[in-house]
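User: Please take a close look at the ligand site in this model and at the parts of the chain around it. I would like one connected account.

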Amino acid sequence: MLFSFSKARPLFGLDIGSSAIKVVQLRETKKGYFLEKFGVKPLAPEMIVDGTVMDAGRVVETLKELLAEQKIKLKDVAISISGHSVIVKKINLPVMTEDELEESIKWEAEQYIPFDINDVNIDFHILGTSEGQDGQPQMNVLLVAAKKDKLNEYTSLVAEAGLTPLVVDVDAFAVENMYGINYDLQENEVVALVNIGASVMNINILKSSMSAFTRDISVGGNRYTETIQKELSLSYQDAEQAKLTENPEGVNPEALAAVMSAVNIEVAGEITRSIDYFKTTAMQENIDKVLLCGGAAKTRGLLTLLGERLGLAVDLANPFNRIEIDKKSFNIEQLQEIAPQAAVGMGLAIRRMGDR
Ligand SMILES: Nc1ncnc2c1ncn2[C@@H]1O[C@H](COP(=O)(O)OP(=O)(O)OP(=O)(O)O)[C@@H](O)[C@H]1O
Ligand SMILES: [Mg+2]
């Protein structure tokens, strides 16, 4: 969490993606989490471009409409950011107390961050201790730095819609939280979580339920749409439609299949490269499973291709796996259809102020 204000209060998860805003509200019961609200509202592609808010007015308007549609009364939200303005690094430091680290993190962080230290908000999470090369114990710390202008961009947008951002998280960690409440965590298991959105994909590899590697790559669903648009000379809207439809009218099916396959190869290649990099640097021989989420996780042929490339079972993550859902309040079929897009919002919805 990049900053927080006061004690735990109910809040909802708000995922402002570049292609759609997602809201998730949960209620915690004795039996587990119960889904109160879930809604998705698309944004026109020019409103947020590669994570930069280009038209705050229209984003706020869309957000307000979504809140009204979903009858969301809560004002407190958890939001998240991702992409180039966030740096996540695992660093090793001499063992110290959390208070001491709090004091010194800014100075410790300076050498790891490619931005001016005064331009970022810093957060950290102590992962544990291990033996350093010199035989001395060292502390493993997850360092998170986010550019203040990016934080301001999103927090002021949320404030303009009348909401209070109590928690600011990072997409990759929100997905990790979603996984944590929906799946059994196994000791020593290595799980790669890949959230493929419209403009960015977030990779978070967990080892024994702890983040061991994260990377954001600026490729996602937009790459398909843009390539279809160019190669098949379609408008952006028609290209997006062609991407989502099995046999779109007036589109050469072979040409479309060729583009889809070429971009699938590129996307699967990016994921495979990151996983290979992790395996080499972490001296990790095996990955146990790969779960995809985000809207573009459902891209035709991607799951299969990635499975082949990795020689592993690749599945879609289900953010509603262990969430109680009232069948009278939700259309279950429709919900499952858009479930992959709920991953970040779900992870945010379980955040409480100061909980980490
Ligand atoms: N069934 C589907 N098949 C292929 N692509 C899909 C499908 N459903 C949604 N998408 C794509 O998923 C993307 C939207 O997913 P998501 O809502 O996770 O992205 P986002 O959070 O808005 O983007 P980002 O996180 O990159 O800013 C779009 O590119 C959309 O075209
Ligand atoms: Mg997203």
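Analyst: Ligand 1 lies between domain 1 (1-85 + 148-183 + 321-356) and domain 2 (184-317), because both domains give residues to the shell around it. The domain bounds come from an automatic or database domain assignment. This is a predicted model, in which local features need pLDDT of at least 70 and side-chain atom pairs count only at pLDDT 80 or more, while totals for chains, interfaces and linings use all residues. Residues are numbered from 1 along each chain as its sequence is written, and chains are lettered from A and ligands numbered from 1 in the order in which they are written.

The shell around ligand 1 holds 20 residues, and the closest are Gly 17, Ser 18, Gly 197, Gly 221 and Gly 295. A residue is near a molecule or strand if its C-beta atom, placed from the backbone, lies within 6 Å of it. Two elements give two or more residues to this shell, α5 (221-231) and α6 (236-244). The most come from α6, with 3 residues. Helices (H or I, at least four residues) and strands (E, at least two) are DSSP runs, numbered from the N terminus. By class, the shell has 5 nonpolar, 12 polar and 3 charged residues. In this division Ala, Val, Leu, Ile, Met, Phe, Trp, Tyr, Cys and Pro count as nonpolar, Asp, Glu, Lys and Arg as charged, and the others, Gly among them, as polar.

Taken over C-alpha atoms, the centres of domain 1 and domain 2 are 22 Å apart. Across the boundary, 19 residues of domain 1 are in contact with 24 residues of domain 2, where contact means that the C-beta atoms of two residues, placed from the backbone, lie within 7 Å. On the domain 1 side, α4 (171-182) and α10 (343-349) are the elements that give two or more residues. Of these, α4 gives the most, with 6 residues. That side of domain 1 is made up of 8 nonpolar, 8 polar and 3 charged residues.

The largest nonpolar core has 90 residues, of which Val 24, Val 175, Leu 193, Val 194 and Leu 292 touch the most other members. Such a core is a set of buried Ala, Val, Leu, Ile, Met, Phe, Trp, Tyr and Cys residues joined through C-beta atoms within 7 Å. Helix α7 (residues 253-281) supplies the largest share of this core, 8 residues, and at least three residues come from each of domain 1 and domain 2. Leaving aside neighbours within four places in sequence, Val 24 is in contact with residues including Phe 12, Phe 38, Met 346 and Leu 348.

Strand β11 (residues 190-196) and β12 pair in the antiparallel sense over 7 bridges; two strands pair if DSSP finds at least two bridges between them. They form a hairpin with 4 residues between them, and Leu 193 stands opposite Asn 204 in β12. On to the next strand, β12 is joined by 7 bridges to β13 (residues 210-217), again running antiparallel, with Asn 204 opposite Thr 214 in β13. The hairpin of β12 and β13 has 2 residues between the strands, and Ser 208 there takes a positive phi near 45 degrees. Strand β12 (residues 201-207) is largely enclosed by the rest of the structure, because 6 of its 7 residues are buried. A residue is buried if 20 or more other C-beta atoms lie within 10 Å of its own, exposed if 12 or fewer, and partly exposed in between, with C-beta atoms placed from the backbone.

The loop between β11 and β12 contains Val 200, which counts as buried with 23 C-beta neighbours inside 10 Å. Not counting residues up to four places away in sequence, Val 200 touches Gly 51, Ser 82, Gly 83, Asp 216, Ile 217, Ser 218 and Gly 220. The loop between β4 (48-49) and β5 (52-53) holds Asp 50, which has a positive phi of about 50 degrees although it is not a glycine. Asp 50 is partly exposed, with 14 other C-beta atoms within 10 Å.
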